[in-house]
Amino acid sequence: MFNSITGTITHKLPQTVYVENRGLEWDITVPLTSIDLLPNVGETAKIYTWLYHREDSMKLFGFATEAERGVFIDLMKVEGVGAKAAVRILSSVSARELAEALDSENIARLEKIPGVGKKTAQKMMLTLKGKLSLDEAGDFVKVVSSRSGVYAQWADLISALMNMGYEKHACEETVEKLLQSLEEDADFKSKNKTAREELLFRRAIVELA
């Protein structure tokens, strides 16, 4: 799966960035908050990515930091919030402001976000309050998993399973169960993270099928 793309920014549009890498120009959907943080057109940038893939469509989302990508992924855990809505939310409020609104139970602030009504704001509060924290730089937020760090540590793997159409909660539960069954497996522990991720992915597909 894609973790990031490094290349030259050729265009900057509202919620869209074009990045050229070795003759390929990538069309990446990016929240306004990330666009502001990326270098100017003509300069080199590293964009952290998340691939949306369904039978009838494919779209690449990008972020200036891993932390913001983590918030985007966690936003999609809220019932009724998909990838497009998560981008819209992060285009209207910074990750820091979002965390502060959640921690202070500021429903009114959440309701001011375009496309977020009272019900969605309440669902965001129930799902995400206490799950976001400032990173070491104090500028952005990163996800703190409610499942013993499973989601945070294996976010790319879980996202890949979600891209295949599986429900988020089922993906998290399956990965957690597999990790528990392999915690005493010396062969699994000896593998690097990429190899462990590949093994978990294959086994999760079988479990979820």
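Phenylalanine 72 is buried, at a relative accessible area of 0% (buried means under 20%, exposed over 50% and partly exposed in between, with a 1.4 Å probe and protein chains only). The model is a predicted one, where local features need pLDDT of at least 70, side-chain atom pairs count only at pLDDT 80 or more, and totals for chains, interfaces and linings use all residues. Residues are numbered from 1 along each chain as its sequence is written, and side-chain values use heavy atoms, leaving out hydrogens and water.

Phenylalanine 63 is buried too. Its ring centre sits 4.7 Å from that of phenylalanine 72, with the planes at 45°, so this pair is tilted (rings of Phe, Tyr and Trp, the last by its six-membered ring, pair if their centres lie within 6.5 Å; planes under 30 degrees apart are stacked, over 60 edge-to-face, the rest tilted). The count by this rule is five aromatic pairs. Another of them joins tryptophan 50 to phenylalanine 72, edge-to-face, at 5.4 Å centre to centre and 70° between the planes. Tryptophan 50 belongs to strand E4 (residues 44-54) and phenylalanine 72 to helix H2 (residues 66-75), so the pair ties together parts 22 residues apart in sequence (helices, H or I, of at least four residues and strands, E, of at least two are DSSP runs, numbered from the N terminus). Tryptophan 50 is buried as well, at 6%. Trp50, Tyr52, Phe61, Phe63 and Phe72 make up one aromatic cluster.

Now for helix H9. Its 15 residues (168-182) reach 21 Å from first C-alpha to last, close to the 21 Å expected (1.5 Å times one less than the number of residues). Buried residues in H9 include Cys171, Glu172 and Leu182.
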